[in-house]
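Morning, everyone. Let me put the model up, and then we'll go through it.

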Amino acid sequence: MSSNTLEDLGKLVLRLTVGILLLFHGIAKMRYGISGIESMVVARGLPAFFSWAVYIGEVVAPLMLIFGLYTRVAGLIVAINLLFAIALVHTGHLSQFSNTGGWRLELQGLYLFGGLAIAMLGAGRYAIGNRWN
């Protein structure tokens, strides 16, 4: 197997992992609603409709990653979504560790930096593709 093939497979694994796992969070929000997010957004002085952007960050962008459509843009959307999640919910956890020694925000960190990595690396060959991959 050539190194280009391995790189493309690695990009596919990264895209699918971040996309599928983050999509589960989006599906939960579609099933149970976003009223909790809406109240946090409003409490920060932002318009309530901003809470609907979570569907872009946790449903639309993950689907874009999975299929390899505008992958770099989707990676940036995921990263921005996670920055908002950290700012709204997890600011107090930034310097905390879990009982098992891991960073309290390791899941959010993996999504954030996974999204950034995808934005920098692109989709690879195994994608539906376009010029933003």
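A term before we start: buried means under 20% relative accessible area, exposed means over 50%, and partly exposed is in between, with a 1.4 Å probe and protein chains only. This is a predicted model, where local features need pLDDT of at least 70, side-chain atom pairs count only at pLDDT 80 or more, and totals for chains, interfaces and linings use all residues. Residues are numbered from 1 along each chain as its sequence is written, and side-chain values use heavy atoms, with hydrogens and water left out.

Salt bridges next. The term covers a side-chain nitrogen of Lys or Arg within 4 Å of a carboxyl oxygen of Asp or Glu. How many does the structure hold? There are 2.

Take Arg-125 and Asp-8. Their closest N and O atoms are 3.0 Å apart. Arg-125 sits in the segment after helix H5 (106–121) and Asp-8 in helix H1 (residues 3–32), so this pair ties together parts 117 residues apart in sequence. Helices here are DSSP runs of H or I, at least four residues, numbered from the N terminus. Arg-125 is partly exposed at 47% relative accessible area. Asp-8 is buried, at 11%.

Now Lys-29 and Glu-58. That salt bridge is 2.8 Å, N to O. Lys-29 is in H1 and Glu-58 in helix H3 (residues 53–67), so the pair ties together parts 29 residues apart in sequence. Both residues are buried.

Last, the backbone. Most residues other than glycine have a negative phi. Tyr-70 is not a glycine, yet its phi is positive, about 45°. Tyr-70 lies in the loop between H3 and helix H4 (71–90). With 42% relative accessibility, Tyr-70 is partly exposed.

Conventions: Helix = DSSP H or I, 4+ residues; strand = E, 2+ residues; numbered from the N terminus.
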